[in-house]
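Visitor: I'm new to this one, and I'd like to learn how to read it feature by feature. Please start with a single residue and build up from there.

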Amino acid sequence: MTAAFASLMSLQIGAAFAKTIFPSVGPEGVAALRIGITALILCLMFRPWPLKVERSYWPSIVMYGAMIGIMNILIYRAFLYIPIGIAISIEVLGPLGAALLSKKRKSDVMWVLIALIGVFLLPYGQSGFTLNAMGVFYAALAAISWGIYISCASKVSNLGANGVAIGVSIASIFVVPIGFTQAGLALLKPEILAVGLIIAILSSALPFLLDMYALKRLPKSLFGILMSASPAVSAIAGWIILGEALSSIQWTGILAISIACIGATLPAYTSIKPTYRKLPEG
């Protein structure tokens, strides 16, 4: 549980730092730095190439890598138009929707309504009803990608850190060229590379490894409960690091979405909790 929460904190703080260099290299450039440097770090640390991967794992690994790359580009594009707290609030609707569709409980109608209320409150900023439609669009696409990512990560977690290294390397194959197309040689400036290294560690290397650790030891439902804090943590990080102030109505919307995420996953966790109590220690 500690690993999952540490992953959440690191990821959202890294996201706020990433936005600080948008003026220099753009969102695609930041994604290239984050994914490219992370792939180098993980490959040097774990050297996954001798790993013999069963053929049945490859579709999940390829999809996992593809979702890492796509999700990064989409959410950074969303950051370009809307505050990160709002973007992450929309993004978590992907895992929430996947959880609700898989359970189909009557009580889930309430969580859907609470989530919808939260979404409707997000546009009410300090100056009234305003929220960039393009930012919402990118965040919604990132939400779909995140839902698929969690599903794939659960299986890839069986390969441990090697699976993460392979997946991120697959993501870098297409994300890095896209970033260079937009930012060019600006990506190779020492000061940009230094910030990129910090972003890669905070936003990718550390969270991905912690996610793999957590998913091997926690049910996906409990993992989802912990990730429900993502909107609030990202909004706080955006406020402290970027000065992105939100209205009280928007904070209420973020809280509603977080509550909906917790409500959607908590019953599943409660139902399996006795099984975990019976397991021997150690």
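Visitor: Is Tyr149 buried or exposed?

Guide: Buried means under 20% relative accessible area, exposed means over 50%, and partly exposed is in between (1.4 Å probe, protein chains only). Tyr149 has a relative accessible area of 5%, so it's buried. Tyr64 counts as buried too, at 0% relative accessibility. Keep in mind that this is a predicted model: local features need pLDDT of at least 70, side-chain atom pairs count only at pLDDT 80 or more, and totals for chains, interfaces and linings use all residues. Residues are numbered from 1 along each chain as its sequence is written, and side-chain values use heavy atoms, with hydrogens and water left out.

Visitor: What does the protein chain look like overall, and what share of the residues count as buried?

Guide: Of the 282 residues, 52% count as buried. The protein chain has twelve helices and two strands, taking helices as DSSP runs of H or I with at least four residues and strands as runs of E with at least two, numbered from the N terminus. Going along the sequence, you'd read the pattern as α-α-α-α-α-α-β-β-α-α-α-α-α-α. As for contacts (heavy atoms within 4.5 Å), look at those between residues at least 6 apart in sequence: 88% of them join residues at least 24 apart.

Visitor: Back to rings, then. How many aromatic pairs are there?

Guide: Rings of Phe, Tyr and Trp (its six-membered ring) pair if their centres lie within 6.5 Å; planes under 30 degrees apart are stacked, over 60 edge-to-face, the rest tilted. That rule gives five aromatic pairs here. Take Phe22 and Tyr76: their ring centres are 5.9 Å apart and the planes sit at 80°, so this pair is edge-to-face. Phe22 belongs to helix α2 (residues 22–46) and Tyr76 to helix α3, so the pair ties together parts that are 54 residues apart in sequence. Phe22 counts as buried at 8% relative accessibility, and Tyr76 is buried with a relative accessible area of 0%.

Visitor: How are the rings of Tyr64 and Tyr149 arranged?

Guide: Their centres are 5.5 Å apart and their planes are at 20°, so you'd call this pair stacked. It links distant parts of the chain, 85 residues apart: Tyr64 is in helix α3 and Tyr149 in helix α7 (residues 133–156). Elsewhere, Phe22, Tyr76 and Phe79 make up one aromatic cluster.

Visitor: At what angle do α3 and α8 pack?

Guide: Helix α3 (residues 58–81) and helix α8 (residues 161–183) come out at about 40°, with their axes 8 Å apart. Angles under 35 degrees are roughly parallel, over 145 roughly antiparallel, 65 to 115 roughly perpendicular and the rest oblique. α3 and α8 are therefore oblique to each other.

Visitor: Which residues in α3 and α8 meet?

Guide: Among them are Trp58, Ile61, Tyr64 and Arg77 from α3, and Gly163, Phe174, Ile178 and Gln182 from α8. By class, this contact has 16 nonpolar, five polar and one charged residues. Here Ala, Val, Leu, Ile, Met, Phe, Trp, Tyr, Cys and Pro are nonpolar, Asp, Glu, Lys and Arg charged, and the others, including Gly, polar.

Visitor: How many residues of α4 are buried?

Guide: Eight of its eight residues are buried, and α4 is mostly covered. Among them are Ile84, Ser89 and Glu91.

Visitor: Which residues in α7 and α11 does α4 meet?

Guide: Start with α7. Helix α4 (residues 84–91) packs against α7 at about 45°, with the axes 7 Å apart, and the two are therefore oblique to each other. Ala87, Ile90 and Glu91 in α4 meet α7 residues including Val136, Ala140 and Trp146.

Guide: Now α11. With helix α11 (residues 230–242), α4 packs at about 165°, axes 7 Å apart, and the pair is therefore roughly antiparallel. Ile84, Gly85, Ile88 and Ser89 in α4 meet α11 residues including Pro231, Ala235 and Leu242. This contact of α4 with α11 has six nonpolar, five polar and no charged residues.

Visitor: Where does Arg47 lie?

Guide: Arg47 is in the loop between α2 and α3. Its phi is near 45°, a positive value in a residue other than glycine. At 55% relative accessibility, Arg47 counts as exposed.

Note on methods:
Axes fitted to C-alpha atoms, helices over the stretch in contact; angles between N-to-C directions.
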